[in-house]
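Biologist: I would like to learn how to read a structure like this one. Could you walk me through it, feature by feature?

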Amino acid sequence: GALIGLRGVKQDGPCPRINWGDGPAGVSFNPLGDPQDDLQTYNSWGIADTLSWSKGRHFMKFGIDLRGNQLNTRPQGNLAGTFMFTAAQTSIPGVNFVGHSFASFLLGGVNTASVGVPLNLEGRTYYYAGYAQDDFKVTPNLTLQLGLRYELQPPATETEDRTSNFDLDTIDPLTGMRGAVVFAGKGEGRTGNRTFVKTDKTNFSPRIGAAYALTDRTSLRAGYGIFYGANVFNGFSSVPFSRGFQGTNNISNPLAHTSAFNWDVAGYPGTTVEAAIDPTAWRLGGVTHWDPDAGKIPTTHQWNINVQRQVFETVTVDIGYVGTRSHDIWAGDLAQKNQLDPKHLSFGPNLSTILRTDADAQRFGLAKLPYPAFAGGQLWQALVPYPHLARNGIGLTTYDAPLGKSRYDSLQVAVNRRYAN
């Protein structure tokens, strides 16, 4: 900011970002500058302890496994500002091919602008496990390995509960439609809970293995176990959605052919609007919905069986089958919860029809417009589950929907030769 003489933004650090609108014949430029200047720290800790006990034909193990993961973000992005220049500020109303975004830039006429308002978040996940295992030599030829593990992985939290959720059943006070923003934590307008989903407390993991010597040169081995995925941070956000906890500092331009401000004269004149616990905060842009089953942990069943044969004194051959089946894999992209029901495709081109009155809606079998302010929306927007999002061009992302599945089967062959001097 200081180098280009721009006041009202961070004076040291990255260059402000300059975006260009299209000029005549669609000619434009690539953006300049990148105001991102973020710090993210990933911390983890673990405590594990094992007790081993051997008695007779039994060799037993008992243990605990405790872990914690942290993602702390200190965003400084966009403190230098993002500025949009368009051809409108140097064009003549009603005259084509006049004006250019670069000309508006040279004159300092900004169309829209924004400056970031930092929100420091501190995400936390925890893992608790305990297990017991017994290696039991049943006979000289047969050994069994029997074990049981229990795991508990609560949903991620934020240290000050600065996380929110687009709840699909809460009534939006602005439109009267289903779907509004709810907020974690204690206090007015908040849910009183730290998370939006329940913890899965059913994660027992049996482990069974057996080894049997068929002859002095041939052995048979088999095993089965259940394994659970890890609930750790995999991205750049401490929480999936924090709407309502971060202020904004934006300048829009309601007039088509004038500048919102001149950055050569006044610098950036915007002011910060403080965050608010507001269920209608979906209006600010794309929203994230915690899937009600997001507390489920991805589960994998794994089994194997193999035969090992010593064919020569120094050569063994191992032939085995390995299989896995996984379910409840987190795959939010599969949960498009505001998509059009295929049965409405029968409307064909009429789906883009503009609905201005209740009578327009009734022509297509609707009782009325979804809500009064919907007037001017298209038919398909009225038919999706959450019309107020579609009408305003707002996307709905589903977090950790356990809809994924996978399957793996393999034949594995290994030949091993032992070398000796």
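Modeller: Gladly! Keep in mind that this is a predicted model. Let's start with Asn338, which sits in the loop joining strand S18 (315–330) and strand S19 (354–355).

Biologist: Is Asn338 buried or exposed?

Modeller: The idea is to compare its relative accessible area with a cut-off: under 20% counts as buried. Asn338 has a relative accessible area of 16%, so Asn338 is buried.

Biologist: What does the side chain of Asn338 reach?

Modeller: The backbone nitrogen of Tyr386, at 2.8 Å. Setting aside neighbours within four places in sequence, Asn338 has contacts with Val384, Pro385, Tyr386, Leu389, Ala390 and Leu396.

Biologist: Which residues touch the most other members of the largest nonpolar core?

Modeller: That core has 16 residues, and those touching the most other members are Phe166, Val181, Trp282, Val287, Leu389 and Leu396. At least two residues of this core come from strand S10 (164–171), and at least two from strand S11 (178–183). Take Val287 as a case: beyond its neighbours within four places in sequence, Val287 is in contact with Phe166, Phe241, Arg243, Trp282, Leu389, Ile394, Gly395, Leu396 and Thr397. There is also a second, separate core of 14 residues, with Leu340, Phe364, Leu379 and Ala382 among them.

Biologist: And how do I read empty space?

Modeller: Rolling a probe the size of a water molecule over the atoms shows where empty space is left. In this model, two cavities have 30 Å³ or more.

Biologist: What lines the largest cavity?

Modeller: The largest cavity has a volume of about 60 Å³. Its lining includes Gln153, Pro154, Asn231, Trp290, Trp330, Tyr399 and Asp400. By class, that lining has eight nonpolar residues, three polar and one charged.

Biologist: Which residues line the second largest cavity?

Modeller: Ala156, Thr157, Glu158, Thr163, Ser238, Val239, Pro240 and Trp290 do. The second largest cavity holds about 30 Å³ of space, and its lining divides into four nonpolar, three polar and one charged.

Biologist: What is the volume of the largest pocket?

Modeller: About 950 Å³. Of its 38 lining residues, Ser242, Arg243, Gln246, Gly247 and Thr248 are the closest to the centre. The lining comprises 17 nonpolar, 16 polar and five charged residues. Look back at Arg243, too: this residue is also one of the contacts of Val287.

Technical notes
Residues are numbered from 1 along each chain as its sequence is written. This is a predicted model: local features need pLDDT of at least 70, side-chain atom pairs count only at pLDDT 80 or more; totals for chains, interfaces and linings use all residues. Side-chain values use heavy atoms; hydrogens and water are left out. A nonpolar core is a set of buried Ala, Val, Leu, Ile, Met, Phe, Trp, Tyr and Cys residues joined through side-chain atoms within 4.5 Å. Buried means under 20% relative accessible area, exposed over 50%, partly exposed in between (1.4 Å probe, protein chains only). Helices (H or I, at least four residues) and strands (E, at least two) are DSSP runs, numbered from the N terminus. Contact means heavy atoms within 4.5 Å. On a 1 Å grid over the protein atoms alone, a cavity is a set of points where a 1.4 Å probe fits but cannot get out, and a pocket is an open set with protein on both sides within 12 Å along at least five of seven lines; lining residues have an atom within 4 Å of a point. Grid points are joined across faces, edges and corners, and a volume is the space filled by probe spheres set on the points. Ala, Val, Leu, Ile, Met, Phe, Trp, Tyr, Cys and Pro count as nonpolar, Asp, Glu, Lys and Arg as charged, and the others, Gly among them, as polar. A polar contact is a pair of N or O atoms within 3.5 Å; within protein, one must be able to donate a hydrogen and the other to accept it, and residues adjacent in sequence count only if both atoms are side-chain atoms.
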